Amino acid sequence: MSTAFLTLDGISKRFDPRLTLGDRIAARFGATVEDRPVRAVTEVSLTINPGETLGLVGESGCGKSTLGRIVAGILPPTAGTVTIDGEPVLHNGRKVTTRVQTVFQDPFASLDPRMRIGDTVAEGPIAHGLVTKANAADYVRGWLQRVGLEPDFADRYPHQFSGGQRQRVAIARALAMQPDLLVCDEPVASLDVSIQAQIINLFLELRRDLGITCLFISHDLGVVRHVSDRVAIMYLGRIVEVGSTEQIYRDPKHPYTRALLDSVPRLVLEDDALVEFNAITGEIPSPLAPPPGCTFHPRCPLAVDACRRDVPALMADGTDRLVACHVRAMERNAAATTALEEGR
Amino acid sequence: MSEAATPLGRFWADFKDSPVAVVALVVVVAIVVLAIGAPWISPQNPYDLGGLSLLDARRPPGHIGTGGYVHWLGTDAQGRDLLSAILYGLLISVQIGFMAGCVALAVGASLGVIAAYAGGLIETLIMRIVDLQLSFPAILLALVLVALLGQGKAQLVTALVAAQYAYFARTAYGAATTERRKDYIEAATATPLSRTRVIFRHLLPNCMPPLIVVATVQIANSISLEATLSFLGLGLPVTEPSLGMLISNGFVYMMSGRYWISVYPGIALIVLIVAINLVGDQIRDQLNPRLRR
């Protein structure tokens, strides 16, 4: 196994509600004011190896976008550090490195509407001395061509492009900074399905050619399977399972991963009958009041007493595989004991 | 590529659809051109006291004076040709209104955008001062400042800026608080680009539409504020009569039937202010996303 390239160490992010003066006075007089912090991300430790794409999957509101923003250096974590090759991404709460770049979900919001796209792509590289002002035009044309756009589009404004084209511009902007790590926060979620495929293919092609490491955030299990080398499953601010894409999709160990894979609606064409898919029962709990113990226990079919009491640790389960589940840990122990006894 | 490709090009295409606004714009441009050209086109230099003759004082419109030319709009108590005085007065009004509007825009917009981007203590400090200032009339502050600073163009502009930047700050702050949450600001911060760059290259330009509307209205307002101050005798020295002072000078003769001394400068002022406001209204309608087709 190669050395880790990006390391997340004990990352937590809490959003404390900002009480206005009025709220504080009301609270003083006994009014109930919502002052509980939102725990968006709790003690996440992850590594991404050089050249690898790690897929981060979870339901809406599980904290995957928050984690992505922390990795991208947009949000400072409440606790923990993000390092890229041992170099911190943030310094005094400000992003210092240009080695991590981001592609955002909504290409209609992520491009400055009042800037020609050529200027948008050139701005960062010029500001960081990657290219001189004089050479910027050629540099931009090169990148636009690289992402499958006409080089002459540099003079146009974002409103003159379709969603797919804009996302190509956003990708060009990120790549023009010559990053080592690309954080893709649901880059295709707001695009039409036909356009999604084009962007995914572009993405795979660029990754192959440029050897970029990537954190790919998505709620779409199909897309993640297509692009990722490894997959991390997130539930209510915690990582519950990490493994290679093959392992996760073939043999999910965590009950949540299993439920998530079962709940994907599939197109069944052979017998012309649509199979009912199994939705996970219940709602994702509020991060304002996460359940005690394993946060998944209220929806878990296997939950035992320990699940309601203790938070399961993320433990090794086979090669390059981590699972945070009490039941799974007990199964593993039992199997180990049996193996030991049989061997005796 | 067609002209309509740039935001400005699209804007102009929409603007042309409103005949009222186009006429108003033509009027504004005409007044500005006439005002700037005043030294060359006006029959007389009203500031040159040697060229005035008291024999021509208070003559009605159409009078042919000692200079041998027609006073189309009559003359005032000093024998000044009113048409010339109005053209020179417009020049001063336009100069002061434009300068005060632009400086107030620069100062106010910067403060508002910085407050919205920085947040916390800086935000509280800037916006509370702005709120405080908005809570009492601009004319009051301008009056006090002009009284303190004395007469003169620079002093007048300073007073007008101090009285008006708060409107820009408020508008810029409002626009910037919504804009700063958008992804493109996040993208710029994540590149990373410097704070100054994010604020002035990304945040401020995207806050411009409402600011341009406020700017047109505020230019009209500074012109009328300046006229008010001059009318009260606090604006500019007597040697540089602005429209307000002309109105004020003629005021005493109103009841004796010599209406033209006050009325013509008044009409010029009103036409200018109404025309600017009409242009401003059209810009507002066009920039208001809810009214857009």
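I began with the fold of chain B, which has 11 helices and 2 strands. The model is a predicted one. Reading along the sequence, I noted the pattern α-α-α-β-β-α-α-α-α-α-α-α-α for chain B. I then looked up the extent of the chain: along the principal axes, the C-alpha atoms of chain B fill a box of roughly 75 × 50 × 30 Å.

**Entry: the interface**

I turned next to the interface with chain A. On the side of chain B, 21 residues are in contact, and they meet 31 residues of chain A. The size of an interface is often expressed as the accessible area lost when the parts come together, so I looked up that value. The area buried between chain B and chain A is about 2200 Å². Carbon and sulfur atoms give 54% of that area. I asked which residues of chain B lose the most area to chain A. They are B:D183, B:E186 and B:P192, which together account for 22% of what the chain B side buries.

**Entry: polar and charged pairs**

I searched the interface of chain B and chain A for salt bridges, and the rule finds 2. One that I recorded joins the side chains of A:R69 and B:E186, at 3.1 Å from N to O. For polar contacts, I noted a count of 9 residue pairs between chain B and chain A, with both residues at pLDDT 80 or more.

I then asked which elements of chain B supply at least two residues each to the side that touches chain A. These are α1 (7–15), α8 (183–190) and α9 (195–231). The largest share, 7 residues, comes from α9(B). By class, I recorded 10 nonpolar, 5 polar and 6 charged residues on this side of chain B.

**Entry: the second largest pocket**

Rolling a probe the size of a water molecule over the atoms shows where empty space is left. I looked up the second largest pocket, which has a volume of about 820 Å³. Its lining comprises 30 residues, and A:I74, B:Y117, B:R180, B:I185 and B:T189 lie nearest its centre. Both chains take part in this lining: α2 (64–72) and β7 (94–95) of chain A each supply at least two residues, as do α4 (82–118), α5 (120–134), α8 and α9 of chain B.

Notes: Residues numbered from 1 in each chain as written. Chains lettered and ligands numbered in written order. Predicted model: local features only at pLDDT ≥ 70, side-chain atom pairs only at ≥ 80, totals over all residues. Heavy atoms only, no water. Contact = heavy atoms within 4.5 Å. Buried area = accessible area lost by both parts, 1.4 Å probe. Salt bridge = Lys/Arg side-chain N within 4 Å of Asp/Glu carboxyl O. Polar contact = N/O pair within 3.5 Å; in protein donor to acceptor, adjacent residues only side chain to side chain. Helix = DSSP H or I, 4+ residues; strand = E, 2+ residues; numbered from the N terminus. Nonpolar A, V, L, I, M, F, W, Y, C, P; charged D, E, K, R; others polar. 1 Å grid on protein atoms, 1.4 Å probe; cavity = no way out; pocket = protein on both sides within 12 Å on 5 of 7 lines; lining within 4 Å. Points joined across faces, edges and corners; volume = space filled by probe spheres on them.
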